[in-house]
Amino acid sequence: DRLRLGPDGPIVRLSINPRAKRLSIRIDARAGEAVVVAPRERLLAQGLDFARTKADWIAERLEARPVGTPLAPGGVVMLKGEAVTLVATGGAGAAQLGRTAEGPAILSGGEGEAFARRVENLLKRHARDILTARTAVHLRTLGEAAGSGPARVSIVDTRSRWGSCTHDGRLMYSWRLAMAPPPVLDYVAAHEVAHLAHMDH
């Protein structure tokens, strides 16, 4: 269910998550709405009342949310926390790192969605390489506490979570971490590896 908080207030979506430990409000920047999460249906009314008390805060966060930019020639994306320009090279070549007179660039063939797909694939490759390496470092630090089997790293297309860890030792990271500064990416890897020792931390 979606409700508006007052005549001109922000939109909130009501969601039940049995794994939630308490009422919470999160901002879904992509959908342009706040999400009230409750562990049980009977707590949704209480969650909605809570959201009403936070209507100004919700409106401010929605107003401040970043606007997504398409992966198109002339655009700028972040790679390891640094701005990189997207440059069309013509033809159908895969995206690769390079430089122009203006600085670092991602050079790619393709047009329209094909161009965007090639750039996204490059970012996914970088995310896999970096996160696999950082995960290995943190696994060595953790030692035997990580369990008997090797952790498996997967790069996924999540929009609301940077990373997660399953009970069978699968570590899943958002490919968008390729855009984050190295200390942020490293923190996420360390956090998810820690779940292998303490799943409930």
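## The loop with Lys-80

Lys-80 sits in the loop between β5 (76–79) and β6 (82–88); strands here are DSSP runs of E with at least two residues, helices are runs of H or I with at least four, and both are numbered from the N terminus. This is a predicted model, where local features need pLDDT of at least 70, side-chain atom pairs count only at pLDDT 80 or more, and totals for chains, interfaces and linings use all residues. Residues are numbered from 1 along each chain as its sequence is written, and side-chain values use heavy atoms, with hydrogens and water left out.

What is phi of Lys-80 near? Phi is near 55°, a positive value in a residue other than glycine. Lys-80 counts as partly exposed because its relative accessibility is 41% (buried is under 20% relative accessible area, exposed over 50%, partly exposed in between, with a 1.4 Å probe and protein chains only).

## A three-stranded sheet

Now look at the open sheet of three strands, ordered β9-β11-β10 with mixed pairing (two strands pair if DSSP finds at least two bridges between them). At the edges are β9 (152–156) and β10, each pairing on one side only.

β10 and β11 run antiparallel, joined by three bridges. For Cys-165, the bridge partner in β11 is Leu-171.

## Helix α4

Which residues of α4 are buried? They are Leu-185, Val-188, Ala-189, Glu-192, Val-193, His-195 and Leu-196. Seen down the axis of α4, the buried residues fall within an arc of 140°, so they line one face of the helix (the arc is that of the directions from the helix axis to the C-beta atoms).

Exposed Pro-183 and Tyr-187 are on the face of α4 turned away from its buried side.
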